[in-house]
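Dear colleague,

Please find below the structure that I am handing over to you. My notes on it follow directly after.

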Amino acid sequence: MNITQTTQAGTLESNDILVTLKPNPEGTIEIHLQSVVLKQFGKQIKAIILSTLQNHGITSCLCECEDKGALDHVIIARVESAIQRQL
Amino acid sequence: MNPHPNHTFLQAKEDLVKHKQALFTQYEKPVLSLQANMVGEHKLSGWSAWVIITFEKLIQSSMKVVYKERIFNELGFISLLVIDDDPSHLKQACIQLEETKTSGRCIDLDVYAKGRNLSRYDLGFDERKCLVCDEMARVCIRTQKHTQKEVIHAYQQCLITSFQSKVDIVHFALLSECMLTPKFGLVTPRSSGIHQDMNIHTFLKSIDAILPYFNEVEFISLDQNTHEIFSQLRLLGQRMENAMFEATQGVNTHKGAIFLFLMVLMAQRMSPSFTSSLIELAQPLLEDFKQMDPHHPQSEGERQFHQYQSQGVRGWVLKGGEPLLSNTLSFYASQPDSHDHQVNTLLNIMSQCEDSTIIKKRGWEGLLDFQAHAQAAMNHPESWFDFEQYCLDHHFSAGGSADIFALVLYLHYSKERNLL
């Protein structure tokens, strides 16, 4: 599935993450992550976002994420909501 | 896609941000939100209410608040204040408060303007530190370095240390009673129970109105006989009732609590192990019973005295609150504080207390049935919903038990804080 429109889920409140999905003309999954804990957990968080997207059959999108210290289950839920809002 | 178990929680967070944005658009001024950063699923508690209301007061005394709103939902207790100030200046002032006040670590003061919260980092401040160790808080949260128990304990200890006076602890105790949910027919932040004329805001206004008067107990001279001390307390109590009725527009929220707390605070001044001084101080109440005319009861209390020989709350203090007070104090002290343990403590009180509000509704038989139901619900959270329904069906709201619950928390923490 390709992402065809811009959708958002989440917030910039503490322990949350703001996820924005956009169409990617390149046809690949591209993740841009800003995080207060980028240095410590950037790789780990990107991997969670990527696997959540792939699990929902996403093959192409631009995923911009601004993380404010969200835990894994929150990250997954926010990415899933952003995908749901495509429909 | 299955909805995530905490879907409503995440939805509430998005809704909160939309609401903050709407306030920002309407007032064109920064929106300050106050939230307790308590971990765990039970966000509504006296702990969070105490720290939020304490900081609300600090902020209101030093900043220009143009709009104020208190929200109670899945996220807990949130106070929103629209402040007439420059956002960066306001955020700096808030960081100052978070860093310098003892309980500052227990609260998040977020300043929202132009689509986002201002971050500490943008203003050149460090990220917040963990409550338990000195690591960056977000790192500890992500790695779950500390157990939930450990963090809650550190949180509570931090707040206990910040109690500066007995009146602070009275405040905390009254708020704890107020916030406790479920409360079986009584008013909670999420329900008005059986009541149509009051809600959580009525109670919070009432607490604000009566609280300052508790300081006056300190000024009553001990160089007079107990009858004179008692008459001064009665006068103080009447002024407090007037302040309460003014704040609640005529609704009785804390008459019982005013009476109990004044008596106990005074008895503690007379002697730190206050039971005998409470009994001594209560002696003039015997006069009340002597003066009652059995054929023309002047109040519900008098009616119950003649019908059931129940002396109600007067009789209770005449016995120094015993044995119920000692029983419940040791019950509460037997475990670390938690939401469920607080509910069980209230049920413990309900199962023993001759609560006049219950007798009024269904007589002595009704009281015994209520006590048995409370006893059965104790330590059985799965039955709390049914007990709540039972109370709603019978129109029960055990206000007397709730007052004693607040008193038990007060006595426990004034001892722990060594402010006797």
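Does B:C140 count as buried or exposed? At 5% relative accessibility, B:C140 counts as buried, where buried means under 20% relative accessible area and exposed over 50%, with partly exposed in between (1.4 Å probe, protein chains only).

Before the remaining findings, a note on conventions. This is a predicted model, in which local features need pLDDT of at least 70 and side-chain atom pairs count only at pLDDT 80 or more, while totals for chains, interfaces and linings use all residues. Residues are numbered from 1 along each chain as its sequence is written, chains are lettered from A and ligands numbered from 1 in the order in which they are written, and side-chain values use heavy atoms, with hydrogens and water left out.

Cysteines

Over all chains, the structure holds zero disulfides, a disulfide being a pair of cysteine sulfur atoms within 2.5 Å. A:C61 is in no disulfide, and the nearest cysteine sulfur, that of A:C63, lies 5.4 Å away. B:C140 is likewise in no disulfide; its nearest cysteine sulfur belongs to B:C133, at 3.5 Å. A:C61 is buried, with a relative accessible area of 0%.

Chain B

Chain B contains 18 helices and five strands; these are DSSP runs numbered from the N terminus, helices being H or I of at least four residues and strands E of at least two. Its radius of gyration is 23 Å, close to the 22 Å that the globule rule gives for 420 residues, so chain B is as compact as a globular protein of that length. That radius is taken over C-alpha atoms, and the rule is 2.2 Å times the number of residues to the power 0.38. The C-alpha trace of chain B spans about 70 × 55 × 40 Å along its principal axes. Of its 420 residues, 53% are buried. Among contacts in chain B (heavy atoms within 4.5 Å) with a separation of 6 or more, 70% are between residues 24 or more positions apart.

Chain A

Along the sequence, chain A follows the pattern β-β-β-α-β-α, with two helices and four strands. The radius of gyration of chain A is 12 Å, which agrees with the value near 12 Å for a compact globule of 87 residues. Its C-alpha trace spans about 30 × 20 × 20 Å along the principal axes. Buried residues make up 53% of the 87 in chain A. For contacts in chain A with a separation of 6 or more, residues 24 or more positions apart account for 73%.

With kind regards
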